[in-house]
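Hi everyone, thanks for making time this morning.

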Amino acid sequence: MSVDATTVRRIAHLARIAVSDEEVAPLQGELNAILAFVEQLSEVDVEGVEPMTSVTPMAMKKRTDVVTDGGHARDIVFNAPETEDHYFLVPKVVE
Amino acid sequence: MTHLNELTLAEARDGLKAKDFSATDLAKAHLSAIEAARGLNAYLLETPERALQMAEVSDAKIASGEARPLEGLPLGVKDLFCTHGVITTAGSKILEGFQPHYESAVTHNLWRDGAVMLGKLNLDEFAMGSSNETSAYGDVVSPWRRAGSDTKLVPGGSSGGSAAAVAAHLCLGATATDTGGSIRQPAAFTGTVGIKPTYGRCSRWGTVAYASSLDQAGPIARTVRDCAILLGSMSGADARDTTCADLAVPDFEAAVARGVKGLTIGIPKEYRVEGMSAEIQALWDKGAAMLKDAGATIREISLPHTRYALPAYYIVAPAEASSNLARYDGVRYGLRVPGKDIAGMYENTRAAGFGREVKRRIMIGTYVLSAGYYDAYYVRAQKIRTLIKRDFEEAYASGIDAILTPATPSAAFGIGEKGSGDPVEMYLQDVFTITVNMAGLPGISVPAGLDAQGLPLGLQLIGRPFDEETLFAAAQVIETAAGRTRLPTAWWA
């Protein structure tokens, strides 16, 4: 499979990465080189094979559903570009 | 007399214990070596005040007889590990100035055991690369040069700063991470030792994520013993990482002297790839002979799905990366570039903050996870991963204790020589290491000789899950037989 320029723009939008007109052609070439490389996987017989979900055999760790940590609002917003009263600020979303 | 920064970690530990020198002396020797080596660009951030403060505490502990396992030993930290109050960038512009208010589990364990932090080490952006050329903060220059040439070589990647700093004596050892070969390939390129432990041996908590089902931390150091000492401190159960194994940490250092008598070492025929150089083949044969001379049995084995590991990785890893890196949105930390609305802000922030290789991988990942392609790409790749793991399980079930392979297809290459047109050319660097991540196994890279141009070459040993001890034992046999690599003299100083 390979991607055309329209698909490159669509993927970039899905990935929330702005691409300029000049970037589309080189990206298309690079993505197609990678897709051509992974194409050889189609020759493998995977009939009846379970997809891997855990690389080491282990049971998912569980814990009691209680609050174990908290009270770090100041630490959490410390690196945010824009904050107010321990809230993250974003551009207006709802009119 | 040997400069203090040229000691091995084990020698420095013994010297501190015998009070031959102080932790402060040891830290100062490293800090001045680092200052003289800025041209290599191995350190992104030097933390001399912190180093001297920690060394002072260590000297007090040693004086009062309370020395901890790594007391006073100066280390470098790959800038992918979050360090409390110390800027952590992951080699990316999008995290410029990010100051974590928490400490990664791995570095926490090192400081708990008395180690001293020298600074943060350069890396490929978000650990995506095999040459340290994707860092937003410039290339790392290898301390190695070809005989009679001053061409600048890459140290490998993504842990290029870690490997270069260890090889140039700018720390006694360094933390590193390995998603597809990022510890083992740079170790092989720089004549150093690096181990990627079993998935789940070290906690991933507080380490910037690339591909979570593959990422694993490990050390790079100058000897097998030094790696064993460091891994012992870095490992351990952690409730904050649900994939971190609840297993006791073995005495890795004790395993180093175990030898290989009675072990069966597998030589996988599928690693004899098309176009393999005669030098690499000869090195591989030499390694097998060393293990045989030490009492191991050598047996050819088959891992039939080997060739599919690399293409399957370039579906699984980008898919996980596209999901992990969605968090860089200009809201919670790092860079923000305004846009006409919130989506525009996201798009402009990520366009300005991520480098080319990172954008490429996010976009491939987004594509293979998108509607209509998920089964054809992602599910198929995860099925192939099951087959790759099964190959190893069958080899181990047939009585193989460890597997010997080359670490890399060649010695280090020049800066700018590879991958500028076709990204796949660079990806092929990891052809021997990537299977190990896909199967979650431990793998160690150990120097085994020099190529015709005087550059180091490494061999890789792959072990059973959670059997790093056999890898340390076998790697020590190779290190002893091959002789420790003579590291380059400081032409950069």
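This is a predicted model: local features need pLDDT of at least 70, side-chain atom pairs count only at pLDDT 80 or more; totals for chains, interfaces and linings use all residues.

Let's start with B:Leu369, which lies in helix α12 of chain B, residues 356–369. On confidence, chain B averages a pLDDT of 97, and 100% of its residues score at least 70. For the complex, the predictor gives an ipTM of 0.96 and a pTM of 0.97.

Back to our residue. Take B:Ser322: it sits 47 residues from B:Leu369 along the chain, and their C-alpha atoms are 9.0 Å apart.

Now to helix α10 of chain B, residues 309–324. The largest nonpolar core has 162 residues, and α10 supplies the largest share of this core, 10 residues. Which members touch the most others? They are B:Ala42, B:Leu75, B:Val116, B:Ala165, B:Ile315, B:Ala474 and B:Ala475. As background, nonpolar side chains tend to be buried together in soluble globular proteins.

Let me pick B:Ala165 from that list. Beyond its neighbours within four places in sequence, B:Ala165 is in contact with B:Ala42, B:Tyr43, B:Gly76, B:Leu121, B:Leu170, B:Cys171 and B:Ala174. B:Ala165 is also one of the buried residues of helix α5 of chain B. Eight of the eight residues in that helix, 160–167, are buried, so α5 is largely enclosed by the rest of the structure. What covers the buried residues of α5(B)? The cover includes β1 (43–46), β2, β3 (116–121), β4, α6 (184–190) and β6 of chain B. Just after the helix, B:His169 takes a positive phi of about 60°.

One of those covering elements, strand β4 of chain B, deserves a stop of its own. The strand spans residues 173–178, and six of its six residues are buried. In a regular strand, side chains alternate between the two faces of the sheet. Here, B:Gly173, B:Thr175 and B:Thr177 point one way from β4(B), while B:Ala174, B:Ala176 and B:Asp178 point the other way, and all are buried.

How is β4(B) paired? Strand β2 of chain B, residues 74–78, runs parallel to β4(B) and is joined to it by two bridges. Strand β6 of chain B, residues 216–221, runs antiparallel to β4(B), with six bridges between them. In that pairing, B:Thr175 has B:Pro219 as its bridge partner.

Another covered helix is α7 of chain B, residues 224–234, where 11 of the 11 residues are buried. Among them are B:Arg225 and B:Asp226, along with B:Ile229, B:Leu230 and B:Leu231. Just after α7(B), B:Gly236 has a positive phi of about 135°.

Time to zoom out. How many helices and strands are there in chain B? There are 16 helices and 11 strands. The radius of gyration of chain B is 21 Å, close to the 23 Å that the globule rule gives for 493 residues, so chain B is as compact as a globular protein of that length. Its C-alpha atoms fill a box of roughly 65 × 55 × 50 Å along the principal axes. Of the 493 residues, 62% count as buried. Among contacts in chain B between residues at least 6 apart in sequence, 77% join residues at least 24 apart.

And then there's chain A. Chain A has three helices and two strands, in the order α-α-α-β-β along the sequence. A compact globule of 95 residues would have a radius of gyration near 12 Å, but chain A has 22 Å. Its C-alpha atoms fill a box of roughly 55 × 45 × 25 Å, and buried residues make up 14% of the chain.

Finally, how do the two chains meet? The contact takes 36 residues from chain A and 53 residues from chain B. On the side of chain A, α1 (5–14) and α2 (21–38) are the elements that give two or more residues, and α2(A) gives the largest share, six residues. By class, that side has 28 nonpolar, three polar and five charged residues.

That's my tour, and I'm happy to go back to any part of it.

Technical notes. Residues are numbered from 1 along each chain as its sequence is written. Chains are lettered from A and ligands numbered from 1 in the order in which they are written. pLDDT is the predictor's confidence in each residue, from 0 to 100. Two residues are in contact if their C-beta atoms, placed from the backbone, lie within 7 Å. Helices (H or I, at least four residues) and strands (E, at least two) are DSSP runs, numbered from the N terminus. Ala, Val, Leu, Ile, Met, Phe, Trp, Tyr, Cys and Pro count as nonpolar, Asp, Glu, Lys and Arg as charged, and the others, Gly among them, as polar. A nonpolar core is a set of buried Ala, Val, Leu, Ile, Met, Phe, Trp, Tyr and Cys residues joined through C-beta atoms within 7 Å. A residue is buried if 20 or more other C-beta atoms lie within 10 Å of its own, exposed if 12 or fewer, and partly exposed in between; C-beta atoms are placed from the backbone. Two strands pair if DSSP finds at least two bridges between them. The radius of gyration is taken over C-alpha atoms; the globule rule is 2.2 Å times the number of residues to the power 0.38.
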